[in-house]
Amino acid sequence: MAAANGNGGTRASGPRCIALVGPFQSGKTTLLEAILARTGAIQRQGTVEAGTSVGDASKEARHHKMSVELTVATTEFMGDSYTFIDCPGSVEFIHDMRAALPAVDAAVVVCEADEKKMPQLQLILRELEDLNIPRFLFLNKIDKADTKVLEALQILQPASRKPLVLRQIPIWKNEIVTGFVDLALERAHVYKEHAASEVIPLEGDSLEQEKTARFSMLEKLADHDDELMEQLLEDIPPPRDKVFDDLAKELRDGIVVPVLMGVAIRTNGVLRLLKALRHEAPNVTATAKRLGVKGEEPLAYVIKTLSSGHAGKMSIARVLNGPIGDGVTLATSEREAGRVSGTFKLVGQTSEKRGPAAAGETVALGKLEYAKTGDTLSAGKQAHPALSKIEPHPAVLAISVSAKERKDDVKLGQALHKLVDEDPSIHLVHNAETHEVVMWGQGEMHLRVAAEKLAGHFGVAIGTGRPSVGYNETIKKSVQIRGRHRKQSGGHGQFGDVVLDIKPLPRSSGFKFEDKITGGVVPRNYIPSVEEGVINALKHGPLGFQVVDVSVALVDGSYHTVDSSDMAFQTAARIGIVEGLPQCQPVLLEPIHLVEIVCPTEATAKMNAILSGRRGQILGFDTREGWDGWDVVRAKMPESEIGDLIIEVRSATAGVGSFAFKFDHMAELTGKTADQIVSARRAAE
Ligand SMILES: Nc1nc2c(ncn2[C@@H]2O[C@H](COP(=O)(O)OP(=O)(O)O)[C@@H](O)[C@H]2O)c(=O)[nH]1
Ligand SMILES: [Mg+2]
């Protein structure tokens with residue numbers, strides 16, 4: 001799939017899939033709107049503010065006035081089909097972007113030259129760099145720009161590991177950007193609101209500036225092209241086609257990052273961006289190669305599955321080998337995914353039925369029951385191996401969820417399952433001890449939106465709360481205690497009598513039961529009941545928590561030939577434990593986790609302060625491997641302090657700091673904090 005380039009070279013053709021990514025609030029959703037208006041997919045350009053944009057159309061997105069999931073829209077430009085994926089920029093919803101990226105041909109990184117947003121930009125660029133996705137930068141909002149473009153470039157460059165190559169320079173008039181000069185075409189344009197820009201003569205100061213800027217663009221390109229370097233050294237003007245070919249090639253190879261600019265809200269610079277994509281972005285052939293596609297059987301990658309829509313389940317998929325349409329049975333790399341029922345073109349929330357999709361197209365496939373976000377779907381005899389497995393970032397915040405009404409328990413379970421299929425960055429933990437479902441996610445807003453979806457789309461009335469911390473308790477002293485249960489009411493009596501040795505065990509030994517009965521004073525057949533009675537009683541110790549690290553030995557007792565029973569011995573054992581434990585100096589145990597915070601180096605000192613303020617024991621810090629300008633801080637920290645740690649970490653790092661943790665050990669907790677926990681537990685019971 002190659003076509004003659006209008007400028008002489010060759011360009012890729014056919015359907016493209018382009019991601020719109022970038023920091024929060026940089027204008028991605030607005031740019032998508034501008035592109036759709038410019039290409040005639042919609043009649044009039046809506047705005048995010050007025051809630052009239054194609055993107056952010058879900059109830060949750062409109063409600064919070066931000067992108068909380070990706071938006072997919074297909075349009076046509078100069079005879080080719082383009083699908084744009086507007087990816088949320090907030091770190092909490094970044095998994096949508098990460099899962100979509102493997103399947104795109106190129107990304108447009110929408111950004112502003114704002115120091116504060118550089119850490120976020122760097123994070124996003126890294127994802128693209130690691131996956132080798134060709135990328136343009138679109139410097140948006142230049143209507144509000146107050147820095148010269150070269151200064152802007154200096155602000156932006158550190159966020160990218162690859163050189164940024166300025167493709168356009170702005171034309172200023174009375175401190176306002178009124179147009180741009182294209183450095184490849186050597187043409188000047190003035191912006192027209194919501195219309196194509198107008199070409200004006202390139203002369204005077206503009207021409208001078210153009211010459212300098214063009215030269216520096218060519219110099220950067222020449223770093224990877226000896227022939228061009230020679231021409232520059234010898235002052236030979238390089239042919240225009242050669243410049244275009246170099247730009248395209250170096251973009252595709254990810255060697256340089258071309259920078260375009262504009263004003264999304266007024267559609268300025270959008271046509272130029274589309275043309276750059278048309279001429280320079282690779283197509284599915286390159287993408288399939290990058291992903292290691294084997295064979296020619298129908299194959300697609302699931303950018304996102306949606307179970308929450310009213311139209312039933314839809315899987316948004318990039319077709320890598322066609323055709324894929326109605327009736328095709330697809331399998332993931334692990335199992336059958338289902339039979340395609342309905343193939344749709346998407347423009348945001350609107351879907352339009354269409355025929356089978358060819359290689360390169362991005363469509364929604366209906367009713368693939370077992371498809372999940374990130375799956376590789378194939379139709380061959382042998383399932384194609386997974387093309388890409390993007391592991392979600394570790395979850396950092398949790399809430400507990402429960403159905404308001406018991407009868408909805410099953411429905412809640414199913415809804416949670418679908419939610420995780422859609423968004424693998426949600427992670428569920430069923431806490432058997434507390435009977436809670438704990439939903440782990442990427443931040444407050446992420447969890448809030450997930451809870452809203454459960455209620456809104458899946459129709460389950462739910463309650464949410466703070467998940468309980470996994471406290472336990474243990475004992476510090478031994479005791480020997482008698483537990484006796486005797487009841488003589490009416491007919492049959494009850495009789496059980498045991499003597500228990502209760503002893504502390506070393507940390508993490510759990511529970512041990514020993515039978516030390518001699519001479520049959522407690523008959524064999526009742527001994528399992530004694531153990532069961534002990535186990536049940538240990539579930540709720542004197543402080544209100546599971547008792548661990550104890551050994552209980554049955555050393556003596558007595559029985560009655562008629563009145564003794566399993567129940568009676570269970571009860572006797574329980575009485576022994578309930579009376580014995582308070583004499584053993586019970587103590588609270590709290591879970592301590594090993595926490596690893598990653599943050600830009602400037603924030604490391606702040607992290608130390610945050611950790612110390614949360615009873616953390618700092619183990620040290622290192623430079624983060626492969627991440628220039630970042631550190632890893634390690635600490636041991638109580639679980640109760642990790643609960644909302646992310647909120648502080650993010651606010652100290654412009655949103656980009658994060659952490660992962662894993663259980664390390666249980667530690668004794670005494671003093672005021674322990675007393676508070678115990679009284680809170682009593683109050684809750
Ligand atoms: N001045 C100006 N504002 C813009 C431009 N593009 C977007 N905005 C505004 O910036 C804000 C964020 O835009 P949005 O598209 O939601 O950003 P996203 O978070 O990247 O999707 C909105 O208030 C837009 O109206 C632009 O080119 N110029
Ligand atoms: Mg957005």
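The structure is a predicted model, in which local features need pLDDT of at least 70 and side-chain atom pairs count only at pLDDT 80 or more, while totals for chains, interfaces and linings use all residues. Residues are numbered from 1 along each chain as its sequence is written, ligands are numbered from 1 in the order in which they are written, and side-chain values use heavy atoms, with hydrogens and water left out.

**Ligand 1**

- Around ligand 1 there are 17 residues (a heavy atom within 4 Å), of which Gln25, Gly27, Lys28, Thr30 and Glu49 come nearest.

**Helix pair**

- The axes (lines fitted to C-alpha atoms over the stretch in contact) of helix α13, residues 527–538, and helix α14, residues 566–580, come within 7 Å and cross at roughly 45°.
- That angle makes α13 oblique to α14, a class that excludes angles under 35, over 145 and from 65 to 115 degrees.

**Backbone features**

- Gly322 and Pro323 are joined by a cis peptide bond with omega about -15°, and Pro323 is in the loop between β15 (314–321) and β16 (329–331).
- Lys367, although not a glycine, has a positive phi of about 65°, and this residue is in the loop between β20 (362–366) and β21 (376–378).

Notes
Axes are lines fitted to C-alpha atoms, for helices over the stretch in contact, and angles run from 0 to 180 degrees between N-to-C directions. Helices (H or I, at least four residues) and strands (E, at least two) are DSSP runs, numbered from the N terminus.
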